[in-house]
Every structure is written in structure tokens, then in C-alpha cells.
Amino acid sequence: MTRARAAVVAASVVAVIVGVGIAVGLAAPEPSVWADGLALSSVCLLLGLGLLGFVDAEPSPSVIAAVATAWGSTSLVSAWLQVAQRAGVSAVDVGVGDFTVSLETGLPVVVSVVGALAVLVWAWWTPSDVYVVGAIAAVGILSTSVTGHAGQSAWIPIAVGAHALAAAWWVGTLGALVLTVRGRGGWARSLPAFSDRALPVVAVLTATGLIAAVGRIGLDADWWQAGYGRVLLAKIVLLAAVAAVARWHRSVWVAKARRHGADEMLSIRNAGIEIVLLSVVLGLAAALSVTG
């Protein structure tokens, strides 16, 4: 089973890179987008781990620490690439002074790195209330999602933030279940609880996504001709496909799990399918945040 979980993690990382690669082919996002995609996937998983209590599961502090380390390190790489672009130099020529000045302008990396360090302190010192981890991850997601293009009006950040949190909970909780839940009994307990909560989350994801998209690109007939519009269209199509898979899983897999009829390998495989597809979406979403 450990090998199956590792395979899901590896496939998810590849899927994020594929999503970013699709976006690069459709538009011209900033060079930091590759690290942005990995940082986003890490903090989404951290959110899922921190909120596992809502689906009757308990994460391991060591897993949380590993994910927090990934979040903080990829955020630093992203920041380094952003600083290089702003300074007009290569990444290897970025100095500490350039990096410090750019951080003072409000890069979300400050929140991400401080948040990752706070989670590491939690895991090392007093791993008691895991919801603290979920709250820190939520702040990190919001700080990233509502900056840049999302901050161009007073109300778009609200829709974008809700959209980002809903998507993060979906993929992050599924990933956390794969890493945490054991045996038929565990999946029989946690998967139905996840499925019940997923319906309103997907509704919020859909509604806020439409609101944010209309607010960002308007209703012009040629919206898809711009790079942002093409990446957005790819994201919409893929999300629709994931929703179809999730609906099928709800009617077959979840029903089977309720009866203790889904073994652990089946549950890891089915969750992995959704996670990989959603990871491609995360790669596209990361690109949208740095695409003009």
C-alpha cells in the first residue's frame, strides 16, 4: 500500500507539471509558474491534512511537516524566479538585496514561508489541534489567490478566494485521505463523510469560478482568443471532466465503501484518478494567476 500511495504522489506531481506545460503552450505565464504550481499543490494538500477531522480521520504530524517543507521550499524558489524577472536578471544573478526589496513589496512568499515555518513548529513542538494547520494553509491559499490579477476590483478577490479554497479542499482532502486512511473500515468511515461535504463545496467552486471568470474577462465573444482565456477554457473543460468522474465515483465507489465493500487498494486507485486530474487543474490555475 505504501508503494501505491507513493505512486499517487508522484503521478500528482507529474500532473501539476503537465498542467503548467499546457498553460505555457496556450499562453505566456511568468517563469515562476513551474514552482508556483508545485507550491499550490503542496499547500492544498496541507489544507486537506489540517481539515481531516471533518471527515473523521487524523493525519500524521510527520506527514504534515514534510508537506509544509515542500510548500515553503517551492514558495522560496517561486519568489526567487519572480525577483529575477522583476530585476531583469537571471536567477543565478539575484542578490540578497534584490530579494529583500522585492519581499517588501508584498510577495505572497512571505505568508507562505512564515506559514510553512509555523506548521513545522506546530509539528515539532505541540501537534495537538490540527485545525491550526488548516487555518494556516487557508491563509496561504488566500494570500496567493487574491493577489495579482484577482485584485483588480473590490469583489473579484472574494469570489477568487472562495473558489481557490473550495478547489483546495477538494483535491487536498482526497490527497490527505490517500496518505492517512487505512483499511476498509477507514475508507467506509471517511469517504462517505467526504462525499457528503463535497457536494456543497463543488457548488461553491462552480458558482465562484463563473463569477470570477466573468469579472476577469467579461462576456466578449472573443475572450478565448487571449492567452488567459485559452488557459481558462482548458481549466473549465478539465474541471467538467473531473466532476463527471466524481459523480460516477459517488454512485459506485462511495456506495460500495459505505458497505465496507471497497478495499484499500481500490479506494487509493479511485482517489488517485481524481487527484491526478485535479492536479492538472492546479497547474492551470497556478498559470492563470501569473498570466496577463
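Are α2 and α7 roughly parallel or roughly perpendicular to each other? In this predicted model, the two helices pack at an angle of about 70°, with their axes 6 Å apart. Angles of 65 to 115 degrees count as roughly perpendicular. α2 and α7 are therefore roughly perpendicular to each other.

The crossing of α2 past α7 is right-handed. On the α2 side, the contact is made by Cys-44, Leu-45, Leu-47, Gly-48 and Leu-49. On the α7 side, the residues include Leu-165, Trp-169, Val-171 and Leu-179. Gly-172, Thr-173, Gly-175 and Thr-180 of α7 also take part. By class, this contact has 10 nonpolar and five polar residues, and no charged ones. Helix α7 itself spans residues 156-180.

Next, the backbone. Most residues other than glycine have a negative phi. Asp-56 has a positive phi of about 60° and is not a glycine. His-260 also has a positive phi of about 60°, and His-260 is not a glycine either. Each sits in a loop, as the table shows.

| Residue | Loop between | Phi | Relative accessible area |
|---|---|---|---|
| Asp-56 | α2 (33-50) and α3 (61-87) | about 60° | 43% |
| His-260 | α9 (227-258) and α10 (264-288) | about 60° | 46% |

Are these two residues buried, exposed or partly exposed? Asp-56 is partly exposed. His-260 is partly exposed.

Gly-21 lies in helix α1, residues 2-26. Gly-21 is partly exposed, with a relative accessible area of 31%. Its C-alpha atom is separated by 9.2 Å from that of Ala-287. Along the chain, Gly-21 and Ala-287 are 266 residues apart.

Terms used. Residues numbered from 1 in each chain as written. Predicted model: local features only at pLDDT ≥ 70, side-chain atom pairs only at ≥ 80, totals over all residues. Heavy atoms only, no water. Helix = DSSP H or I, 4+ residues; strand = E, 2+ residues; numbered from the N terminus. Buried < 20%, exposed > 50% of the residue type's maximum accessible area, 1.4 Å probe, protein only. Axes fitted to C-alpha atoms, helices over the stretch in contact; angles between N-to-C directions. Parallel < 35°, antiparallel > 145°, perpendicular 65-115°, else oblique. Left-handed = near helix turned anticlockwise from the far one by under 90°. Contact = heavy atoms within 4.5 Å. Nonpolar A, V, L, I, M, F, W, Y, C, P; charged D, E, K, R; others polar.
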